[in-house]
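Trainee: Can we go through the charged side chains on this one? I have the model open.

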Amino acid sequence: MSEISKLTLPAIPEDAPFNREQRDWLTRYLSGVIAQVNGALEGAKAPTAAGSTADAPLPVTVLWGSQTGNAEGLASKFAKVAPRHGIAPTVFDIGQYPRENLEKERHLVVITSTYGDGEPPDNSIEFYDWLHSEEAPKLANTKFSVMALGDTSYPDFCKTGTDYDKRFEELGGERFYNVVQADVDFDDDYDSWSSGVFTVLQELAPRGAAVVADPSVVEEPRVWDKKNPFSSNVLRNFDLNKAGAFKETRHVELSLAGSGLEYEVGDALGLFPQNCAETVEEILANLPFNTKDEVEAHNGEFVPLKEALLRLYDIRTLNKKFLEKWSERAGSPYLRSLVQAGTKEEIDDFCWGRELIDLVLEYPADFKNGDEFVSLLRKLQPRLYSIASSLKAHPDEVHLTVASVRYEAHGRSRKGVASCFLADQCPEGASAPVFIHRNKAFRVPEDPSAPMIMVGPGTGIAPFRAFLEERAATGAPGKNWLFFGNPHAETDFLYEEDLTKYQKEGYLHRLDTAFSRDQAEKIYVQDRIREAGAELWQWLEEGGYFYVCGDASRMAKDVDQALHAVIVEYGGKTEEEAKAYVGVLKKEKRYARDVY
């Protein structure tokens with residue numbers, strides 16, 4: 001066998017589309033990669049102490065189940081780091097994983113989110129059901145570990161991940177590292193879990209397994225992300241609803257100029273909001289200690305307590321876990337009995353519409369200082385909003401469609417943290433910290449001729465405005481159909497002018513509206529879907545993609561039922577056949593949901 005030649009750095013063509021900074025970085029990066037490859041080639045030729053070449057790295061299968069992209073992103077991160085530990089990862093979207101391989105797996109890692117009230121993500125439903133059926137294989141030779149993502153605002157916040165963990169063990173698998181349940185702020189939990197997993201897998205890897213050098217020595221350009229958000233200027237901010245509307249829906253345009261940030265339609269924008277200043281002042285005025293002192297925040301900063309409550313901590317969300325901590329200091333017999341003996345329904349009923357200020361005023365607790373107080377609070381999390389624009393139509397801009405949340409509860413006016421931050425504190429010229437959140441599961445079809453059916457009532461229209469802008473900007477020939485709903489046509493027809501323009505230009509081939517309060521009998525988008533079932537079935541049979549965006553608790557479920565009903569009635573299928581048909585749509589990524 002001839003000797004393998006070392007790689008050399010090729011010259012970057014002068015006409016390559018890079019500026020000087022990008023060219024310099026790319027040169028440094030490629031130099032580092034080539035150095036690693038050449039080093040690996042040398043290592044492959046060099047004998048070990050036993051006189052043989054290095055052992056192959058340990059094969060590990062990584063499965064991810066994701067609704068909004070968090071679990072997918074962590075799986076990608078895991079796979080990127082794994083080779084440094086002598087591990088060869090193979091990553092699968094759990095919905096695309098060949099199930100017949102499961103019983104052959106020796107080392108399995110699963111990273112999954114939980115959607116809604118304990119449900120598996122859309123891409124995981126079939127695998128989840130199969131795994132919990134009698135068809136699931138025995139896993140006597142499989143070692144596994146699960147990373148579960150969730151949100152403690154929900155009682156079953158990590159149910160999908162813990163269900164996998166339990167089921168793998170029931171099938172005979174051996175847990176090589178305990179399941180970790182992570183809240184919405186999952187970075188630290190992931191780092192701890194992955195570190196433990198890599199340590200164990202490295203011990204299981206063959207002695208002398210090839211290890212890829214850590215490429216972190218290569219200097220990378222600055223990245224704006226969740227840990228380092230970009231301060232974006234507000235370009236426009238106005239109410240989409242007309243005079244007399246019972247709701248307020250803001251259209252917000254933000255500048256990305258100078259950031260280098262890019263997004264694809266279907267992605268979300270992460271926004272770091274600030275809490276209501278009036279509520280913060282009221283909390284401070286009723287705490288039993290000197291609130292002028294600084295506190296050591298969760299991020300290591302030493303900041304005044306007021307600033308910490310404004311921008312670093314969640315002062316709205318109550319749940320059982322928080323009530324338990326608060327009741328230990330409050331001395332309230334009612335609160336103590338609620339957390340110790342109250343049912344889930346009773347605790348949920350108590351928490352609904354209440355915030356931290358209610359506990360401070362009605363169930364005062366004893367704290368020595370600000371550090372003790374903030375130790376009970378969760379981090380203020382960024383909010384994710386479906387992007388309502390296409391970069392091709394609006395270079396260096398990102399647009400949002402946000403309903404302002406305002407309501408009365410327990411004798412107080414309540415405000416949504418992020419929605420009212422945008423409405424009340426972000427006029428034109430203000431700034432807001434943002435980052436791009438990728439959602440690869442919610443994309444326009446790769447085939448520009450494929451039909452699109454979009455269901456987006458209320459603010460659910462946001463990504464579909466972006467989809468239509470993208471198709472118009474690229475001249476895509478595929479047919480487009482939108483179902484839109486809201487209470488009243490006169491005041492709540494969001495983006496009516498845009499939609500009318502796309503109809504005239506031939507980019508919106510059909511528009512079905514459901515204005516629920518404009519007639520005696522309420523009409524919703526799911527009703528329009530059933531009414532248009534014959535044509536909708538034709539579009540699906542032509543290779544159409546079916547998208548849903550909006551409320552997860554009711555609308556998305558009702559739309560899903562309507563879709564199944566259309567397939568039964570117009571496709572001539574049984575209930576089971578319709579379920580299988582929808583399963584194929586999901587597997588082919590032709591049924592996608594961006595729901596919240």
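Trainee: How many salt bridges does the structure hold?
Mentor: The structure holds 39 salt bridges, a salt bridge being a side-chain nitrogen of Lys or Arg within 4 Å of a carboxyl oxygen of Asp or Glu. This is a predicted model, where local features need pLDDT of at least 70, side-chain atom pairs count only at pLDDT 80 or more, and totals for chains, interfaces and linings use all residues. Residues are numbered from 1 along each chain as its sequence is written, and side-chain values use heavy atoms, with hydrogens and water left out.

Trainee: Which residue does Glu253 meet in a salt bridge?
Mentor: Arg236, at 3.4 Å from N to O. Glu253 is in strand 8 and Arg236 in strand 7, 17 residues apart; strands are DSSP runs of E, at least two residues, and helices are runs of H or I, at least four, numbered from the N terminus.

Trainee: What does Arg412 form a salt bridge with?
Mentor: Glu282, with the closest N and O atoms 2.7 Å apart. Arg412 is in strand 15 and Glu282 in helix 6, 130 residues apart.

Trainee: And which residues do shared partners join into one network?
Mentor: Glu248, Arg250, Arg406, Lys415 and Asp424, through salt bridges.
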